[in-house]
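Subject: Handover of a protein model with one ligand

Dear colleague,

Please find below the structure that I am handing over to you. My notes on it follow directly after.

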Amino acid sequence: MSVPMEVSSVHGSDAAAEDKVLVPVEVCLKSSSAARVDDVRPAVERMLEKRSLSYTDGPIRVPTEDAFLAENVQSIRICEADEGTQEHGVLLFWQVKPVVHVFQLSEEGPCEELTTDGQLSSFHEWTLPAKEFDGMWESLIYEPGLKKRLLRYAQSALLFTEKGVDPFLVSWNRIILLHGPPGTGKTSLCKALAQKLSIRFNSRYPQCQLIEVNAHSLFSKWFSESGKLVARLFQKIQEMVEEDNNLVFVLIDEVESLAAARKSALSGSEPSDSIRVVNALLTQMDKLKSSPNVVILTTSNITAAIDIAFVDRADIKAYVGPPTLHARYEILRSCLLELMRTGIVSNIKELDMFSIPSYASVQGRVMPVQDLEMADLCNALVEAADACEGLSGRSLRKLPFLTHASLAEPQWCNPVKFLQKMTDTAKRERSELPD
Ligand SMILES: Nc1ncnc2c1ncn2[C@@H]1O[C@H](COP(=O)(O)OP(=O)(O)O)[C@@H](O)[C@H]1O
Ligand SMILES: [Mg+2]
């Protein structure tokens, strides 16, 4: 019987492939580079094979000894290897199958649509991946799993589409809602997610756009214009979507403003124009849903009162909360490294400036104990992170600046002193928070 034999041999090779952990490697080309992706990818794969090191998240050096790569490649980054590490211990090169994504950043900047009065723009448009959003995904720090979950969700949704899964048999959609208090990075996370996906899917969708709908502008005093604005906006989106090679992200930020307008219109306290606008928007969203190459990203600063019409439409609803102790430590760590890099805070002598231990290694006590200076620094960092409980990610990223501005002698800035001052500043900021 030949069939079982065939099955087992197929299964055997599958098992070998299954053993390997797929690790995305993102390769950013220089803006001056005219190299073909199909030439760069194998060159990077060969380089990674030769590298024979373990895989950890973060940038790796572009090899200067490889003239082709040195000339064309701006940066190489290993992504999501740390997740594999949790299951496998340290990820060694032979356990990994790198999946190389080559891209070039668009430097165009946002393109804005002005209305006839020249004041309001109903949307901004970016070509992705855009220079403005480079590094944004990495800078956003949440409890483990949130970013990965969003990425996996969107990847699955796009894959189902690509494979032509019949939506009558298996239903899914491409609407994401992030909700939570202001300043927790929801808008940034939407943009960063769009950027990530544009990189990961660039072989299927060579062109990619992000349209940020300005919900507030749709409720301008020029209500009579609003209907037209929505119609024009979605007509434009529809045109983009009809192009099969285009991947289009539509970001509708702070949908609660739409929901609120609809509610007050229903109760008769607002002009009925606004209800028409919101209904037009919902209808247009439903229409867009049937297009395979569109992902709708929405955010809301409030959860409880949000209009059911919006919540219902979203398939994935993720709560984005204020940063946990772990996230606060990491955010402040990244701030401190940046101030050291720029020389605003002095570097501890002899220490490599990228060597402040991560929260995970501080918790796991992997840190060398004999290094007292570093231990002091980590303790001060944990203390500062602790003092920041309740502050949003946005406030945290402003804290180093406020701290610096409050120093009596800013030219003498040792990191531990700086962190102690930051703890005081955080306490002051917290005392000024509304209850
Ligand atoms: N969890 C976080 N990790 C890192 N930075 C954050 C985080 N949350 C917020 N920030 C910072 O705050 C800024 C503002 O976030 P934003 O996306 O406008 O928040 P929201 O839309 O939730 O009000 C971001 O650009 C980022 O610098
Ligand atoms: Mg926002």
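Leu332 touches Leu381, Ala384, Ala385 and Leu396, leaving aside residues up to four places away in sequence. Please bear in mind throughout that the model is predicted.

As for the overall make-up, the protein chain has 435 residues, of which 33% count as buried. Its secondary structure consists of 16 helices and eleven strands. Among contacts between residues at least 6 apart in sequence, 75% join residues at least 24 apart.

The parallel strands

Strand 10 covers residues 294-300, and seven of its seven residues are buried. Val294, Ile296, Thr298 and Ser300 point one way from strand 10, while Val295, Leu297 and Thr299 point the other way; both sets are buried.

Which strands pair with strand 10? One of them is strand 7 (residues 175-179), which runs parallel to strand 10 and is joined to it by five bridges. Within this pairing, Ile175 has Ile296 as its bridge partner, and Leu177 has Thr298. Strand 9 (residues 246-252) likewise pairs with strand 10 in the parallel sense, over five bridges.

Strand 7 is largely enclosed by the rest of the structure, because five of its five residues are buried. From strand 7, Ile175, Leu177 and His179 point one way and Ile176 and Leu178 the other. Strand 7 also pairs with strand 11 (residues 316-319), in the parallel sense and over four bridges. In that pairing, Ile176 stands opposite Ile316 of strand 11.

An open sheet of four strands, with mixed pairing, has the order 2-3-1-4. Strand 2 (58-60) and strand 4 (96-104) are its edge strands, each pairing on one side only. From one strand to the next, the twist averages 30°. Strand 2 pairs with strand 3 (residues 73-78) in the antiparallel sense, over three bridges, and Pro59 has Arg77 as its bridge partner in strand 3. Helix 2 (residues 37-51) packs on this sheet, where it touches strand 1 (21-29), strand 3 and strand 4. The direction of helix 2 makes about 145° with that of strand 4.

The surroundings of the ligand

Which residues come nearest to ligand 1? Of the 18 residues around ligand 1, these are Gly185, Thr187, Ser188, Gly393 and Arg394. Helix 7 (186-200), helix 12 (325-341) and helix 15 (393-405) are the elements that give two or more residues to this shell. By class, the shell has seven nonpolar, eight polar and three charged residues.

Backbone details to inspect

Three places in the backbone may be of interest to you.

- The peptide bond from Leu128 to Pro129 is cis, with omega near -10°. Pro129 lies in the loop between strand 6 (121-127) and helix 5 (136-139).
- Glu80 is not a glycine, yet it has a positive phi of about 60°. Glu80 lies in the loop between strand 3 and helix 4 (81-88).
- Glu254 also has a positive phi, of about 50°, although it is not a glycine. Glu254 is placed in the loop between strand 9 and helix 9 (256-266).

Are these two glutamates, Glu80 and Glu254, buried or partly exposed? Glu80 has 16 other C-beta atoms within 10 Å, so it counts as partly exposed. Glu254 has 19 C-beta neighbours inside 10 Å and therefore also counts as partly exposed, since a residue is buried if 20 or more other C-beta atoms lie within that distance.

With kind regards

Key. Residues numbered from 1 in each chain as written. Chains lettered and ligands numbered in written order. Predicted model: local features only at pLDDT ≥ 70, side-chain atom pairs only at ≥ 80, totals over all residues. Near = placed C-beta within 6 Å. Nonpolar A, V, L, I, M, F, W, Y, C, P; charged D, E, K, R; others polar. Buried ≥ 20, exposed ≤ 12 C-beta atoms within 10 Å, placed from the backbone. Contact = placed C-beta atoms within 7 Å. Pairing = 2+ DSSP bridges. Axes fitted to C-alpha atoms, helices over the stretch in contact; angles between N-to-C directions.
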